[in-house]
Amino acid sequence: MKSLGITGNIGSGKSYVLDFLSKKFIKTYDLDKIAKNIYKEDELVKQEILQIFPDVTSKEKEIDTKILGKLVFNDDEMLHSLKKIIWPRIETFIQDKKNSNQNEFIAFEGAVIIDAKWHKMFDYIWIIDTNIEISKKRVLNSRDISDIDFMNIINNQMKLKEMQILLENENCKYSIIENNSNIDELNTKVEKELNQIRL
């Protein structure tokens with residue numbers, strides 16, 4: 001079994017890369033979606049979050065992740081509190097999936113894989129790297145998000161150089177896949193990296 005962690009900043013194209021792999025019949029997991037499912041389904045998580053963030057429930061009495069996101073990205077202390085609740089659950093999810101798919105190649109995608117130290121759980125890391133202006137254009141055109149919110153998110157995410165230094169210091173196998181051109185070029189790069197892993 002080989003495991004891959006795909007990361008990168010908002011708007012880099014990492015979700016597209018994960019979808020590309022799924023079409024290759026590789027088992028894939030979007031950790032952002034996993035987190036949202038945990039917010040929705042784990043009653044203990046709900047209770048812990050509402051103790052700290054009592055005003056983040058939706059009309060359906062669920063955790064409103066948009067409200068929660070705006071709160072934490074403007075407050076480092078609140079963000080740290082949220083990480084302490086959700087990150088251990090996601091780490092457990094990753095380990096469980098690795099344990100139950102020991103004979104398969106599996107891939108996980110998430111913006112905080114390195115920040116959360118989950119990179120140590122994977123055999124390979126791919127960093128999808130995109131120019132910030134291109135990322136901003138993609139995000140503003142496809143999501144209900146403001147320019148200010150985009151910059152708040154970017155400023156709270158690890159920079160490429162920080163990721164590289166950490167991975168190299170820990171002797172992790174990683175590749176940087178630049179995504180500043182078109183889909184065909186990105187597909188070619190991903191296919192090449194995938195073939196290297198499968199050797």
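This is a predicted model: local features need pLDDT of at least 70, side-chain atom pairs count only at pLDDT 80 or more; totals for chains, interfaces and linings use all residues.

Trainee: Which residues in H1 meet H9, and how many residues of the contact are nonpolar?

Mentor: On the H9 side are Ile-183, Leu-186, Asn-187, Val-190, Glu-191 and Leu-194. They meet Tyr-16, Val-17, Phe-20 and Leu-21 in H1. The contact of H1 with H9 has one polar residue, one charged residue and a nonpolar count of eight.

Trainee: How is H2 placed against H5, roughly parallel or roughly perpendicular?

Mentor: Helix H2 spans residues 31-41, and helix H5 spans residues 76-100. The axes come within 10 Å and cross at roughly 115 degrees. The range for that class runs from 65 to 115 degrees, so H2 and H5 are roughly perpendicular.

Trainee: Is the crossing of H2 and H5 left-handed or right-handed? And how many charged residues are in their contact?

Mentor: The crossing of H2 and H5 is right-handed. In H2, Leu-31, Ile-34, Ala-35, Ile-38 and Tyr-39 meet a set in H5 that includes Leu-82, Ile-86 and Arg-89. The contact of H2 with H5 has ten nonpolar residues and no polar ones. Its charged count is one.

Trainee: Do H3 and H5 count as roughly parallel or roughly antiparallel?

Mentor: Helix H3 takes in residues 43-52. Its axis and that of H5 come within 10 Å and cross at roughly 170 degrees. Angles over 145 degrees fall in one class, so H3 and H5 are roughly antiparallel.

Trainee: Which residues in H5 meet H3?

Mentor: From H3 come Leu-44, Val-45, Glu-48, Ile-49 and Ile-52. Their partners in H5 are Ser-81, Leu-82, Ile-85 and Arg-89.

Trainee: Now the second largest pocket. Which element supplies the largest share of its lining?

Mentor: This pocket has a volume of about 180 Å³. Of its 16 lining residues, the closest to the centre are Asn-9, Asp-129, Thr-130, Ile-154 and Leu-160. Strand E4 (124-129), helix H6 (132-142) and helix H8 (160-169) each give at least two lining residues. The largest share, three residues, comes from E4.

Trainee: How many lining residues of that pocket are charged?

Mentor: Eight residues in the lining of the second largest pocket are nonpolar and six are polar. The charged ones number two.

Technical notes:
Residues are numbered from 1 along each chain as its sequence is written. Side-chain values use heavy atoms; hydrogens and water are left out. On a 1 Å grid over the protein atoms alone, a cavity is a set of points where a 1.4 Å probe fits but cannot get out, and a pocket is an open set with protein on both sides within 12 Å along at least five of seven lines; lining residues have an atom within 4 Å of a point. Grid points are joined across faces, edges and corners, and a volume is the space filled by probe spheres set on the points. Helices (H or I, at least four residues) and strands (E, at least two) are DSSP runs, numbered from the N terminus. Ala, Val, Leu, Ile, Met, Phe, Trp, Tyr, Cys and Pro count as nonpolar, Asp, Glu, Lys and Arg as charged, and the others, Gly among them, as polar. Contact means heavy atoms within 4.5 Å. Axes are lines fitted to C-alpha atoms, for helices over the stretch in contact, and angles run from 0 to 180 degrees between N-to-C directions. Angles under 35 degrees count as roughly parallel, over 145 as roughly antiparallel, 65 to 115 as roughly perpendicular and the rest as oblique. A crossing is left-handed if the near helix is turned anticlockwise from the far one by less than a right angle, and right-handed if clockwise.
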